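Here's a quick briefing to read with the structure open beside you. Start with the picture, then work through the topics in whatever order you like.

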Amino acid sequence: MATIRDFDPLNSTVPATKIEITVSCRNLLDMDTFSKSDPVVVLYVQGLGTKEWREFGRTEVIDNTLNPDFVRKFVLDFFFEEKQNLRFDVYNVDTRSSNLSKHDFLGQMFCTLGEILGSTGSRLERTLSGIPGKKCGTILFSAEELSNCRDIATMQLCANKLDKKDFFGKSDPFLVFYRSNEDGTFTICHKTEVIKNNLNPVWQPFTIPVRALCNGDYDRTVKVDVYDWDRDGSHDFIGEFTTSYREVSRGQSQFNVYEVLNPKKKGKKKKYVNSGTVTLLSFKVESECTFVDFIRGGTQLNFTVAIDFTASNGNPSQPTSLHYMSPYQMNAYAMALKAVGEIIQDYDSDKHFPAYGFGAKLPPDGKISHAFPLNSNTETPTCVGIEGVLEAYFQSLRTVQLYGPTNFAPVVNQVARCAAEVTDGSQYFVLLMITDGVISDMAQTKEAVVNAASLPMSIIIVGVGPAEFDAMEELDGDEVRVSSRGRIAERDIVQFVPFRDYIDRSGNQVLSMARLAKDVLAEIPDQLLSFMKSRGIEPRPPLPACSDSPSMSTTTTTSTNPAPQERNMRA
């Protein structure tokens, strides 16, 4: 059973955002002789950093149709910071066997969960493939965040005539909330502040996700313990009461005045009534805006790359260089760029990414630049796709001279100028900077970060190589917010990590890249939300699907065949 000492509000987690995927198919292959195919869709997911596919679930089987609209959904946990690879296989079911090898393969499609969410209106249509020489039809997806993940409850409670527990004073009470589990145990989910020396305390209003309080089951028991705080941590138990989310959602009423009972006292004292009462003073519930709401409403993530071309990286033609272009494996710069970029690109519709270098001498006159376009085009410094950025990076290594110093401020200010032009919530800018050393212009960079913190912008810094990056921690405001000239950054927008912490010892580059991406991207959704909230920006309604894509509820063409029947085929 959880104890109050086990609860760490800074590290506690609640269930991840859940995404419901609806699947349809159009113009499937007809594999049956005397009728149409009986399709089922099987979803496979790929483990983080592995190539192994694991079956996640299956739709129902719909008889006799080439254009099925499946009722059974796939519900997936969504993690922005991970590249969640999905594979959808379609089969024509011939027998009652759950063994897929006994059924006809109709085609398959690969994508990421991010691609589905990032598509217009979170609706994606793709062509099925896998059977040479055959047109396998199309598969359509619609994604929606489950509503029970989004409700946020705000409540305030007070107590009256609590038991006195301290010898020289009154009690110092606080409340601890527990969610009941199906096995009869309880999981701690909230703890109020301590009110010193008061038997009639009024606690501050607090906010808690409904999923943390009851995990979507409104009638699930919520237990509340009342304690008297002690400095040594041996808090005295005053009593307890139980309620449910459904009860507290009624708001202030006679039903929400609870007797605080101490079972031990009740068993010992015949005249025992209670150890005080707790009253619900107020309650409200709101649906909190999420990262997915903004993406579905059309918010685009604009991804910009900046790469360190200073001489400390070493001669790119030498294997000891951090920029070494090996024909056998990617260098650390390319790995970091590919790991982060391949996830973010799913949320950028045009896939055109500005890419810059800094700290190099440029041809023909050897002028030092701290924000030169990798594609050498100052008018249009964008590259097509992550592969295009990599190509421009490798080409720059052949044409520029690595030099110095390591100045960050010019690139940060360059992206900030773009972000300042679009502050209506339609775009959010993410700058990835990859470097091997200590920043030379720390004062100017801190000022640039403080300025950028008021814009729709986040900065990811990945340190490569063996250097000490202690100074970088100044920019990562997890502990102390960045400040410059007496001004404190409005938000924490910088995430710094040294790549060496994520390198797999066995040499598995895929796993190294997955670990890096998971960590550096984890803060982006909250940073986006913090900007939107600070500006009072609400998500726009989900964008409608493209008009040339068949609707998920497309009416089936009239046929003389009977209506399709549904049946299960469970693994």
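What follows goes from the whole chain to its strands, helices and a few single residues.

This is a predicted model. The chain has 571 residues, and 52% of them are buried. Its secondary structure comes to 11 helices and 30 strands.

**The chain as a whole**

- Along the principal axes, the C-alpha trace spans about 90 × 80 × 45 Å.
- If you take the contacts with a separation of 6 or more, 72% of them are between residues 24 or more positions apart.
- The accessible surface of the chain is about 27,500 Å², and carbon and sulfur atoms hold 49% of that.
- On the charge side, there are 60 positive and 72 negative side chains, and the centres of the two sets sit 6 Å apart.

- Four strands make an open sheet in the order 5-1-9-8, and the pairing is antiparallel.
- Strand 5 (74–78) and strand 8 (123–127) are the edge strands; each has a single partner, so one side of each has no neighbour in the sheet.
- From one strand to the next, the twist averages 30°.
- Strand 1 (residues 17–26) pairs with strand 5 over five bridges, in the antiparallel sense.
- To find your place in that pairing, look for glutamate 20, whose bridge partner in strand 5 is valine 75.

**Strand 25 and its parallel partners**

- Strand 25 (residues 427–435) is mostly covered, with eight of its nine residues buried.
- Strand 18 (residues 300–308) runs parallel to strand 25, and the two pair over eight bridges.
- Within that pairing, valine 305 has leucine 432 of strand 25 as its bridge partner.
- Strand 26 also runs parallel to strand 25, and seven bridges join the two.
- Here threonine 435 stands opposite glycine 463, which belongs to strand 26.

- In helix 9 (residues 442–452), the buried residues are Met442, Thr445, Ala448, Val449, Val450 and Ala452.
- The cover over those residues includes helix 8 (409–420), along with strand 26 (457–463), strand 27 (483–484), strand 28 (487–488) and strand 29 (494–498).
- Alanine 409 lies in helix 8, and its relative accessible area of 5% makes it buried.
- Which residues does alanine 409 touch, leaving aside its neighbours within four places in sequence? Its contacts are Asp441, Gln444, Thr445 and Ala448.
- Thr445 and Ala448 are also among the buried residues of helix 9.
- Alanine 409 and glutamine 444 are 35 residues apart in sequence, yet their C-alpha atoms are 5.8 Å apart in space.

**A buried aspartate in a loop**

- Aspartate 230 is in the loop between strand 14 (221–228) and strand 15 (236–244).
- Buried or exposed, what is aspartate 230? Its relative accessible area is 17%, so it falls under the 20% cut-off and counts as buried.
- Leaving aside its neighbours within four places in sequence, aspartate 230 is in contact with Asp166, His235 and Asp236.

**Backbone spots to check**

- As background for this group, most residues other than glycine have a negative phi, and most peptide bonds are trans.
- Proline 363 and proline 364 are joined by a cis peptide bond, with omega at about 0°.
- Proline 364 is in the loop between strand 20 (360–362) and strand 21 (367–369).
- Another cis bond runs from glycine 404 to proline 405, where omega is near 0°.
- Proline 405 is in the loop between strand 24 (401–402) and helix 8.
- Asparagine 27 has a positive phi, near 60°, and is in the loop between strand 1 and strand 2 (39–46).
- With 55% relative accessibility, asparagine 27 is over the 50% cut-off and therefore counts as exposed.
- Arginine 485 has a positive phi too, near 50°, and is in the loop between strand 27 and strand 28.
- Arginine 485 counts as exposed, at 75% relative accessibility.

How values were computed: Residues are numbered from 1 along each chain as its sequence is written. This is a predicted model: local features need pLDDT of at least 70, side-chain atom pairs count only at pLDDT 80 or more; totals for chains, interfaces and linings use all residues. Side-chain values use heavy atoms; hydrogens and water are left out. Buried means under 20% relative accessible area, exposed over 50%, partly exposed in between (1.4 Å probe, protein chains only). Contact means heavy atoms within 4.5 Å. Two strands pair if DSSP finds at least two bridges between them. Axes are lines fitted to C-alpha atoms, for helices over the stretch in contact, and angles run from 0 to 180 degrees between N-to-C directions. Accessible areas come from the Shrake-Rupley method with a 1.4 Å probe; for residues, only the protein chains shown count as cover. Lys and Arg count as positive and Asp and Glu as negative; His and the chain ends are not counted. The place of a charge is taken as NZ of Lys, CZ of Arg, CG of Asp or CD of Glu.
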